[in-house]
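This report describes how side chains meet within and between the chains of the model shown below.

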Amino acid sequence: MDGAAATAVPSAGLLPFGDKMEFLGIDLPSYSWATVFGSAISGVFLGAVYALVALGLTLIYGVLHIINFAHGSLLMLAMFAVYFLWKLLGIDPYVAMLIVVPGGFLFGYGLQRLIIGQSSHGRDEIILLVTLGIAIVIENAALFAFSADERLVQVPYDMDGIDLGVTYAVYPELAALGGSLLITLLLWLFMTRTDTGKAIRAVAKERRGARLVGINVDHIFAISFGIGTACVAAAASLLAATYPVHPQFGYLFVLIAFTIVVLGGMGSFVGALVGGFIIGITEQLGRLYLGESLGLITISAIFILILLFRPTGLFGQRVR
Amino acid sequence: MLEVRDLHAGYDGVEVLHGISLQVKPGEIVAVLGSNGAGKSTLNNNISGLYRPFAGAIAFEGTDITGASSERVVELGLVQVPEGRCVFPNMTVRENLELGGYRRGREHRAQNLERVTEVFPRLEERFAQLAGTLSGGEQQMLAIGRGIMTEPRLLILDEPSLGLSPILVDEMFALIRQLHGQGLAILLVEQNVVQSLTLADRAYVMENGTIALSGMAASLLENPDLKRSYLGM
């Protein structure tokens, strides 16, 4: 997000406190509280979208107990869907959510039911390789069909926004935050209030018991995969106006999403959301203090630090 | 009501059951007895549709359910309360019970919930507690309660007394008698020979994947072979 670059320069009129800060013998630039705060806020916006990608991943992990390597390429595919809906049909990327989210669900459902479930015979190590294979196929197909060019959806309002005093929040950022929170809330309601959601939670922990109350486990697996894919489709729609898409686009987000899932606790929704915000804020502050490229190491640093003290992640449950 | 004919079944091509035949008539309690490894759970799993039998036939109320899916079996009202309870540990007691009505008994969920709490007042006290935090006896109650939520026509109870204290075992058998008193047909799979035979109408004794003995429960209690092998008399 360009927020980092924008806030890296101390706002005019706000005085930096002190000249230099020293940390572990490294001289750090010093910024005013307002700048730091503004940077943290853009971290919240960024973290919200990370959380959305992580949410789908953690759901699939929680139920199927598999690491879905195809998650990133599904995000990329959904980004291209949003892009072409805009380019060819003139559909606004946010409106496109109404198409790509149900589409993502069906695609994920079919993928699990027809390919992953069929080929894996219920063995976790095979599932892992199948998702990796799917990722490779999707990426290379995208490379072949769309070439490696970067493409960006342009919306007329991408620079409009609200002045929050310490930072300027553009509408795409606000939409990403609002959309992520709304989708997390809907997902939580779905998982706790509906029979299908409860069945998903039941299958996650006790497959035999689930089958004995008449739950079709294959169907529930596919629904979970479908919802996970719908989550990345929603994320794609929220990201499209800010990030240019290209066939390798998924890596960036999915690597961070994996970090968030482990950090928050495998299979935990709250963990994914909180973890997303932690990583988003850390990343933005890291960029502010250490620069664009070095700043990213703060993600790994906080990741290792949290796991040192809580090996199961922030909201993870101890393995029974 | 339930008719199993010449059932051959097992896992990964290894045959465990070598031609089992048994039946349960409406309103009966039928006990299936046998030591560990006799094939009792394999029998249950095949009846409930968790595994496909190699050969033979299973019919429930005139419908052929040989190799049917577990959803289909549950839908027909043939419900198993499994050995080891298999409650959903990450969900509350209430949610566990509600899921009992996932496939069958959905319309009467509220009434069924009341019925279960009448039988197990202790479960109502624990409604908001996670099932994984319950004691073994409470989990067994929950598993049976979840089974009742499914409005069973025939309830298979797999080792309901396993791992319970002697007092709780007595309570459990009293409860089974109570459920039977309400007209429910029960297939009771147990290692606890004396108490099961005292409760049941008829019984089958399994050994090494075959039916070694069968008959009226009262007469089996007097059977010298059974006394020798199971009661050490």
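## Basis and salt bridges

A salt bridge is a side-chain nitrogen of Lys or Arg within 4 Å of a carboxyl oxygen of Asp or Glu. By this rule, a search of the whole structure gives 12 salt bridges over all chains. In general terms, side chains of opposite charge can pair when their charged atoms come close.

The model is predicted: local features need pLDDT of at least 70 and side-chain atom pairs count only at pLDDT 80 or more, while totals for chains, interfaces and linings use all residues. Residues are numbered from 1 along each chain as its sequence is written, chains are lettered from A and ligands numbered from 1 in the order in which they are written, and side-chain values use heavy atoms, with hydrogens and water left out.

## Salt bridges within chain B

B:Lys40 and B:Glu159 meet through their side chains in a salt bridge, at 3.5 Å from N to O. The pair links distant parts of the chain, 119 residues apart: B:Lys40 lies in helix H1 (residues 40-47) of chain B, and B:Glu159 in the loop between strand S7 (154-158) and helix H7 (166-181) of chain B. Helices (H or I, at least four residues) and strands (E, at least two) are DSSP runs, numbered from the N terminus. B:Lys40 counts as buried at 4% relative accessibility, and B:Glu159 counts as buried at 4%. Buried means under 20% relative accessible area, exposed over 50%, and partly exposed in between (1.4 Å probe, protein chains only).

Another salt bridge joins B:Glu138 to B:Arg126, with the closest N and O atoms 2.8 Å apart. B:Glu138 belongs to helix H6 (residues 136-149) of chain B and B:Arg126 to the loop between helix H5 (121-125) and H6, so the pair ties together parts that are 12 residues apart in sequence. B:Glu138 is buried, at 7% relative accessibility, whereas B:Arg126 is partly exposed, with a relative accessible area of 27%.

## The interface of chain B and chain A

How many residues of chain B are in contact with chain A? The contact, meaning heavy atoms within 4.5 Å, involves 24 residues of chain B and 19 residues of chain A. The size of an interface is often given as the accessible area lost when the parts come together. Here, chain B and chain A bury about 2100 Å² between them, with 55% of it on carbon and sulfur atoms. In chain B, the residues that lose the most area to chain A are B:Leu50, B:Asn90 and B:Tyr102, together 26% of what that side buries. Buried area is the accessible area (1.4 Å probe) that two parts lose on being put together, summed over both.

Four salt bridges are counted between chain B and chain A. In one salt bridge, the side chains of A:Lys198 and B:Glu98 meet at 2.7 Å, N to O. The side chains of B:Glu95 and A:Arg201 also meet in a salt bridge, at 2.9 Å, N to O. This pair crosses between chains, from helix H3 of chain B, which holds B:Glu95, to helix H7 (residues 195-205) of chain A, which holds A:Arg201. B:Glu95 is buried, with a relative accessible area of 12%, and A:Arg201 counts as buried at 16%. A network of salt bridges links A:Asp195, B:Arg106 and B:Arg109.

## Rings and charges

Rings of Phe, Tyr and Trp (its six-membered ring) pair if their centres lie within 6.5 Å; planes under 30 degrees apart count as stacked, over 60 as edge-to-face and the rest as tilted. The whole structure holds 14 aromatic pairs over all chains. One of them is the edge-to-face pair of A:Tyr83 and A:Phe84, 5.2 Å centre to centre with 80° between the planes. A:Tyr83 is buried at 8% relative accessibility, while A:Phe84 is partly exposed at 23%. Ring pairs link A:Phe80, A:Tyr83, A:Phe84, A:Trp86 and A:Phe146 into a cluster.

In chain B, charged side chains also meet rings. A charge sits over a ring if NZ of Lys or CZ of Arg is within 6 Å of the ring centre and within 35 degrees of the ring normal. B:Arg106 lies over the face of B:Tyr102, 5.6 Å from the ring centre, and the charged end of B:Arg146 sits over the ring of B:Phe88, 4.8 Å from its centre.
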